[in-house]
Amino acid sequence: MSAGKRVAVVTGSNKGIGFAIVKELCQKFDGDVYLTSRDEGRGRTAVEELGKLGFQPQYHQLDIDDEASVLKFRDHLQSKYGGLDILVNNAAIAFKNAAPEPFSEQATETLRTNFFSTLRFCDIMFPILRPHARVVNVSSSAGHLLKISGENSVAVDLRKKLCSSDLTTKELIEMIQSFVKAAQTGDHLKLGWPNSAYATSKIGISALTRIQQRTFDHDPRQDIIVNSVHPGYVDTDMTSHKGPLTIEQGAVAPAWLALLPPNVDGPKGGYVWYDKQIVDWVNGPTPTVV
């Protein structure tokens, strides 16, 4: 057991922003950094790439959609390190604009991975977080509350519920489930939701972050902080390489949040832009989308 050694984990990190976050943490974090991936071959290839650059990340297979994979990884961290210090929830999927799959299928698959599997992963991993742990939930500019647009009563009520300081995880789950169900019948717009499964998944993650921080505020473990972050419009497979930012630029704000010093005043439960601006998630405005 690496007793006392600190450890960081980045999910979905064999490529793109996750890969760059691992690289930056290897440079700046005093401890082991885990690169994880669903496919072990791709993950080990990514570790080799970083090795050529002089970095030495650890590797572990991880599929957040597979509960057995998550439990195996948690047990590994618990037995080797006795806990976890940094968790970056980066793993996510996105259908392309021209994807042939019907919206009902896109909604089911996107929310399954991006929201429900991420939530389950957190529920399994949070008990092993140590005092002063940092959690970063990678959201998106699409994850701002005002992506639920419109001033009709349905949209206003939906926004009000999502930003309520009394919102519980159970209530949020029920709301996201209602979106998925409405997507099957084509009624999601009538319920105030955007016409985007990806945006809905990231709105859910941003709302979940606020709930998680409220829970940590009453946790006996000292100074655990979680924030959500828009990493910018980055040149990755997910954006079909249309983003103007490099993956290294996309890693800046997530890595900054992961490395917030002990007992810092904030941000806590915040929604942070790629340039480290703390953005008002409820009222906006959102900065220029990059």
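This is a predicted model: local features need pLDDT of at least 70, side-chain atom pairs count only at pLDDT 80 or more; totals for chains, interfaces and linings use all residues.
Visitor: Why is lysine 23 called buried?

Guide: Buried means under 20% relative accessible area, exposed over 50%, and partly exposed in between, with a 1.4 Å probe and protein chains only. Lysine 23 has 16% relative accessibility, so it counts as buried.

Visitor: Where is lysine 23 found, and which residues does it touch?

Guide: Lysine 23 is found in helix α1, residues 16–28. Helices (H or I, at least four residues) and strands (E, at least two) are DSSP runs, numbered from the N terminus. Contact means heavy atoms within 4.5 Å. Not counting residues up to four places away in sequence, lysine 23 touches Leu50, Leu53, Phe55 and Glu248.

Visitor: Which residues of α1 are buried, and what do they pack against?

Guide: The buried residues of α1 include Ile17, Phe19, Ile21 and Lys23. Packed against the buried residues of α1 are the strands β1 (7–10), β2 (32–37) and β4 (84–89), together with the helices α2 (40–52) and α8 (247–258).

Visitor: What makes the buried residues of α2 line one face?

Guide: Gly43, Ala46, Val47 and Leu50 are buried in α2. Seen down the axis of α2, these buried residues fall within an arc of 100° (taken from the directions from the helix axis to the C-beta atoms), so they line one face of the helix. An α-helix has 3.6 residues a turn, so residues three or four places apart point the same way. On the other side of α2, Arg42, Glu48 and Lys52 are exposed. The buried residues of α2 pack against α1, β2 and β3 (58–61).

Visitor: Why is proline 254 called buried?

Guide: Proline 254 has a relative accessible area of 0%, so it falls under the cut-off for buried. Proline 254 lies in helix α8. Leaving aside neighbours within four places in sequence, proline 254 is in contact with Ile21, Val136, Val229 and Pro231. Proline 254 and asparagine 137 are 117 residues apart in sequence and 8.3 Å apart in space, C-alpha to C-alpha.

Visitor: What covers the buried residues of α8?

Guide: The cover includes α1, β4, β5, β6 (225–229) and β7 (271–272). Among the buried residues of α8 are Ile247, Gly250, Ala251 and Pro254.

Visitor: Why is lysine 161 called partly exposed?

Guide: Lysine 161 has a relative accessible area of 44%, which is between the cut-offs for buried and exposed, so lysine 161 is partly exposed. Lysine 161 is in helix α5, residues 153–162, and, leaving aside neighbours within four places in sequence, is in contact with Leu167 and Met175.

Visitor: What is said of the phi of histidine 132?

Guide: Phi of histidine 132 is near 70°, a positive value in a residue other than glycine. Histidine 132 lies in strand β5 and, at 27% relative accessibility, counts as partly exposed.

Visitor: What makes a space a cavity, and how many of 30 Å³ or more does the structure hold?

Guide: On a 1 Å grid over the protein atoms alone, a cavity is a set of points where a 1.4 Å probe fits but cannot get out, and lining residues have an atom within 4 Å of a point. Grid points are joined across faces, edges and corners, and a volume is the space filled by probe spheres set on the points. The structure holds one cavity of 30 Å³ or more, and about 40 Å³ of space lies in the largest cavity. The lining of the largest cavity includes Asn89, Asn137 and Lys202.

How values were computed:
Residues are numbered from 1 along each chain as its sequence is written. Side-chain values use heavy atoms; hydrogens and water are left out. On a 1 Å grid over the protein atoms alone, a cavity is a set of points where a 1.4 Å probe fits but cannot get out, and a pocket is an open set with protein on both sides within 12 Å along at least five of seven lines; lining residues have an atom within 4 Å of a point.
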